[in-house]
Every structure is written in structure tokens, then in C-alpha cells.
Amino acid sequence: MALLVNNVIAEVDKLPQYNVFGRVAAVKGLMVEVGGVQGALSIGDHCRIHVRRRDWVVCEVVSFRDGRALVMPFGSVDGIAMGDRVEVGQREPVLYPCEEWLGRVINAMGEPVDGKGPLPVGPNPYVIKGAPPSAHERTRVGGKMDLGIRAINTFLTCCRGQRMGIFAGSGVGKSTILSMMARNTEAEISVIGLIGERGREAREFIEDDLGEEGLARSIVIVATSDEPPLMRRQAAYVTMAVSEYFRNQQKDVLCLMDSVTRFAMAQREISLSVGEPPASKGYTPSVFAELPRLLERAGPGNKEQGNITGLFTVLVEGDDHNEPISDAVRGILDGHIVLDRAIAERGRYPAINLLRSVSRTMPDCNDDEQNALVFKARQLLSTYEDMAELIRLGAYRQGTDPKVDEAVYYNPALEAFLSQNKNEPMDLETGYMALAQLLGMQYKGFNGDVSQLGVPQDQLQAPQ
């Protein structure tokens, strides 16, 4: 009863002191032209169209033309007619998140879609399209964050407040790697944005990949691929707004978004509808302006706040890692993890191509022993990759080059080390110990008892 009363009070507080009305003047494609609201609306404001067939349709103001407001519905334009009444609504869309949102699944409007009843209302509003914190107020990135994936923990270490991109084509394992992070990370809160997700896969991701344990300390925001572009774009903004709430509660937040590319596609649809010219492969200039505004909202907070560690997937079109969105996002983030289709096709998951991936906080976040381990392993992988074609063809003869012989010797064990089942988490220190055992190198605190590592022997020792 108390929850219901608080929700009613919050909704009453959000009601405007007076109403302003306009009328639908025209409908062109996805855009609705509204007249009679001069001076009452600005870009980004919300309004409601009274549609006779289905009550109200919520819209957002995206442009102005010839004294009329151009608005785009969060739903379908079906049923909207000339002269339909338009009510100016909340001037600045906000959310009221709170701790009780953990374990819930919501949509881009901040409404529950999991059938678990209404969402509790927090005391403070959070603007959906918030601005990134000032660079001078932010702290520096913190210590290492354990993501539970040994290939990332050891070779692409992520720090608290860092922003990383996961670049891959379709079907290479982006969603699986995100679910492994959400379930196995040491972060206190996970906020997961599924932007433009397939409707069939959304529930599978929540129930099978994320699981009850992962969902219990997560909030999932879902906008499926069949929803209008405004819903898909706003789902990304809502993901960041919820993350900012928990960051302000001094929490370490892991923000996972799948995918930034679908956010960019939604922005492209909106921009083209209002007449903005395409710039690069059909993407409009506003797409490249919105990307940093979204991604910069993740990162370290100030001294009184926590951090938002962001992992953002990028759906690489045609496996071209230099296509416009990939290129733009790579320049904004603090590192990139490349998933390679060729590696996935030979059965190694997660299919991370370490030689094309980088974390910009390394090697500064490691000590000398850890850097020595990583450097040695990378050197072996690089040497083998350079000669891989000759080795597979049988054109390389053993004994020709000692470095190549060493790389061939260690490669099967390194490949096994990089492979990981989604139900087999490994923490940071255990990963370094396992790598040290595999390479026969010394590492602090390791007494040589491999049974304590909990790692299969074929992932610890080179072939004899």
C-alpha cells in the first residue's frame, strides 16, 4: 500500500500546473507536424497525441519547420489523423530510479515489462539525456576490475571507470561474453542495455545467459528491433541514466550495452526523417555528435561518487572494422576487444583476437611480473601468427628458427588457456598464476601447486 501511495504522489508531483494543446497538421512518413504550440515546445520535449483508436501516443520533438513542431512517436503513426489533439507534456523526460529496481526488466520509457508489478519510485529525478561530468571534476580510473574472463583479465585488463568496446560481426559471441561479465564480475551493480535486440533472444539472454544470480544484481533495459527508432535510442539514454543513479550512490557500476551500432542506426533513422543529409555510408552528422555524448557519460565519477565501467558492443557491418561507427567508437573509448569470426569458426570461445585488441590502461595497471608474463605470451602468439600459414601448409621445418619453434611448442596450450566455458569464471590472480605455470615463469605468491588453481591441466602446461 505504501508503495502505491508513493507512486501516486510522484505522478501527481510531475503533473504540469497548466496544459497547452496543439493540433496535428500533417503526417509525413515517421514525422508528425504539430501546429499551435509556438513557444511551448523545444527540442527533446515530450508531448502526447490523442488518437481516437488507441487513446494516447507519446512523441518527442525532434525539429521545427515553417512554424510547426516536428514530432516523432514512440509508437506507430497508424491511426493518427489531421486535427488530433496534441497535449504538451513533461518538458524534460526524467526517471526516478532506486535500489529496488535491482532484478527488474524495464523498457525505454522506464516502465516494467517483466510482469513483477509496478516499479518503486526513487526520491530524486534523473534526466534521461544527462550531460557527461566535467573532465576536471572526475577522478582518474581506479584499480583493476575482475570481469571473470581470463583472456580479458590477463591480456586486456580493465580498470574501474574504464570504457571498452567489444567489436564483432553478428553471431561471433558478443551477447555471451556480456553475460559472462554480468554473472562473474566483482562490480556491485550491473546495468544492461539491450538496444535493438531480437525479440526472441531478449528473454533467452535474461533467463539462460544472465540467470537468476546475474539478474539479482542487475537492471536490464530492453528495446527490441521492431520498436520505433525513438524507443531504441532512448533505451541507451535510460541505461546511462540508471547507471548514473547507482554511481551517485558510491557504487561500482558495470554498464553493459549491446549495441552502440543499433543506437547509431536509430539516430540515423531519426535524422534522415527530419531531412538531415547523409554523410558517411548513410550516417548523418548528428550520429557522430551523439556518440561521444552517450559514451562519455560512463567513466569515473567525482571524489564523492563511484565509477561506471562501460563495456559497449559494436556490431561491425560486413566484418569491416574500419566502417564509420567502429572507427568513431574506437576513437572515443579507452580500449577495444576484437572478436574474430575466423577464431570462432575453429571453435575457440570467447573468440578474442588478442593481437588486434588493446586496453589503454595497460601496462600501467600491472606490476613488472605481470607485464613480463603478458609480454612473453603476446610475443609467442605474434610469432606463431606471422608463420601460421607456412606452419599449416607444412612449409616450415622445425629447427629453422628457435623463436618460431618455441611459439609452435606453446601455441596449443595458449589457445586452450584463452578458451573458456561460460560457466567457468576465473579471477585476476588465478589467471596470472595459470599463465605463469603454462609458460614456466616465476610469479609472486604461487607455490607451484596447480591443483589449487582450479584449471584443467591442458590449460596450464605446454604439450610434451
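**Terms and the values behind them**

Me: Why does Gln250 count as exposed?

Reply: Gln250 has a relative accessibility of 56%. The term exposed requires over 50% (buried is under 20%, partly exposed in between, with a 1.4 Å probe and protein chains only), so Gln250 counts as exposed. This is a predicted model, in which local features need pLDDT of at least 70 and side-chain atom pairs count only at pLDDT 80 or more, while totals for chains, interfaces and linings use all residues. Residues are numbered from 1 along each chain as its sequence is written, and side-chain values use heavy atoms, with hydrogens and water left out.

Me: Why is Gly22 called buried?

Reply: Gly22 has a relative accessible area of 6%, and therefore it is buried. This residue is found in strand β1 (residues 21-28). Beyond its neighbours within four places in sequence, Gly22 is in contact (heavy atoms within 4.5 Å) with residues including Val34, Val37, Asp84 and Val86.

Me: Which peptide bond at Ser259 is called cis, and which one at Pro363?

Reply: The bond from Asp258 to Ser259 is cis, with omega near 5°. Ser259 sits in the loop between β13 (252-258) and α6 (260-273). The cis bond at Pro363 joins it to Met362, with omega about 5°. Pro363 is in the loop between β17 (358-359) and α10 (368-393).

Me: How do you know which domains the chain has?

Reply: The domain assignment gives domain 1 (16-91), domain 2 (95-363) and domain 3 (369-459); such bounds come from an automatic or database assignment.

Me: What do domain 2 and domain 3 bury between them?

Reply: They bury about 2400 Å², 53% of it on carbon and sulfur atoms. Buried area is the accessible area (1.4 Å probe) that two parts lose on being put together, summed over both. Arg150, Phe155 and Leu355 supply 33% of the area that domain 2 buries against domain 3, more than any other three residues. In terms of contacts, 26 residues of domain 2 meet 25 residues of domain 3.

Me: What makes the pair Arg348 and Glu415 a salt bridge?

Reply: The closest N and O atoms of Arg348 and Glu415 are 3.4 Å apart. A salt bridge needs a side-chain nitrogen of Lys or Arg within 4 Å of a carboxyl oxygen of Asp or Glu, so this pair qualifies. The count between domain 2 and domain 3 is two salt bridges.

Terms used: Helices (H or I, at least four residues) and strands (E, at least two) are DSSP runs, numbered from the N terminus.
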